[in-house]
Amino acid sequence: MNCFQSGSGFSIEKMIRQVLKGIAILLALTVGTLFVFYLNRSDPWGQIPGKRLPGEEITEAIEDWSFTQQARGVTIEVRPSAPYSVNISCLFHDGAFYGLATSIENRWMQYLIQDPNIRFRVGDELYPGRATVVEDPQLVEDLFETLAQKYRGGADRTPEQKARYRFILIGSR
């Protein structure tokens, strides 16, 4: 009899079951922890949307948007009744501040169309605002040029690719 036979008290099957049980427990704890973090999130994390943005709002109307020139992105919160927040690209163009949606069908864009009242964060500052979808074709072309300069690329987008995107004008409330 060798040590792997059942008479020795040691069994490969028993060992495999113990290892698998340990892996299952570890997996369950990891999934449970991630689920708790997901339910209690406020800020968006990567592509995962967040909820209500924390922080105190700066309520003075913004007259000069030049402070947004260096921002690489903006966190935007839509649907005040049940806040939903996402990180989006942004740009400063001709004295105004714009955000970029990669599709009109994004969930947050649908919420924004229903209610244009938003809150947005640039850097560490949180502002109440109002957003409107840009419809002017010439302005959209100009915004694509500004976007290509800021993010160093994308100037070669086809008209079909550009048609998916939507720019939103972000203003004070």
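**Entry 1. Overall make-up**

I began with secondary structure and found four helices and six strands in the protein chain; helices (H or I, at least four residues) and strands (E, at least two) are DSSP runs numbered from the N terminus. I noted that the model is predicted, that local features need pLDDT of at least 70 and side-chain atom pairs pLDDT 80 or more, while totals for chains, interfaces and linings use all residues. Residues are numbered from 1 along each chain as its sequence is written, and side-chain values use heavy atoms, with hydrogens and water left out.

Along the sequence I read the pattern α-β-β-β-α-β-β-α-α-β. The radius of gyration of the protein chain is 25 Å, well over the 16 Å that the globule rule gives for 173 residues, so the chain is more spread out than a compact globule. That radius is taken over C-alpha atoms, and the rule is 2.2 Å times the number of residues to the power 0.38. The C-alpha atoms fill a box of roughly 85 × 40 × 30 Å along the principal axes.

I then looked up burial: 33% of the 173 residues count as buried (buried is under 20% relative accessible area, exposed over 50%, partly exposed in between, with a 1.4 Å probe and protein chains only). Of the contacts with a separation of 6 or more, 62% join residues 24 or more positions apart; contact means heavy atoms within 4.5 Å.

**Entry 2. Helix H2 and the cores**

In H2 (residues 107-114) I found Trp 108, Met 109, Tyr 111 and Leu 112 buried. These residues cover an arc of only 160 degrees around the axis, which puts them on the same side of H2; the arc is that of the directions from the helix axis to the C-beta atoms. Arg 107 and Gln 114 are exposed on the other side of H2. The cover over the buried residues includes strands S1 (73-78), S4 (117-122) and S6 (166-172).

I next examined the largest nonpolar core, which has 23 residues; Ile 76, Trp 108, Leu 112, Phe 120 and Ile 168 touch the most other members. Such a core is a set of buried Ala, Val, Leu, Ile, Met, Phe, Trp, Tyr and Cys residues joined through side-chain atoms within 4.5 Å. S1, S2, S3, H2, S4, S5 and S6 each give it two or more residues. Another core, of eleven residues, lies apart from it and has Val 140, Leu 143, Phe 144 and Tyr 165 among its members.

**Entry 3. Strand S1**

Five of the six residues of S1 are buried, so this strand is largely enclosed by the rest of the structure. S1 pairs antiparallel with S2 over six bridges; pairing requires at least two DSSP bridges between the strands. I traced Glu 77 to its bridge partner Ser 85 in S2. The hairpin of S1 and S2 has five residues between the strands, and Arg 79 there takes a positive phi near 55 degrees. S1 also runs antiparallel to S4, with three bridges, and Ile 76 has Phe 120 as its partner in S4.

**Entry 4. Two single residues**

Thr 68 sits in the loop between helix H1 (12-39) and S1 and is buried, with a relative accessible area of 0%. Leaving aside neighbours within four places in sequence, I found Thr 68 in contact with Phe 92, Phe 97, Val 122 and Lys 150.

Arg 166, in strand S6, is partly exposed at 26% relative accessible area. Arg 166 and Gly 99 are 67 residues apart in sequence and 8.4 Å apart in space, C-alpha to C-alpha.
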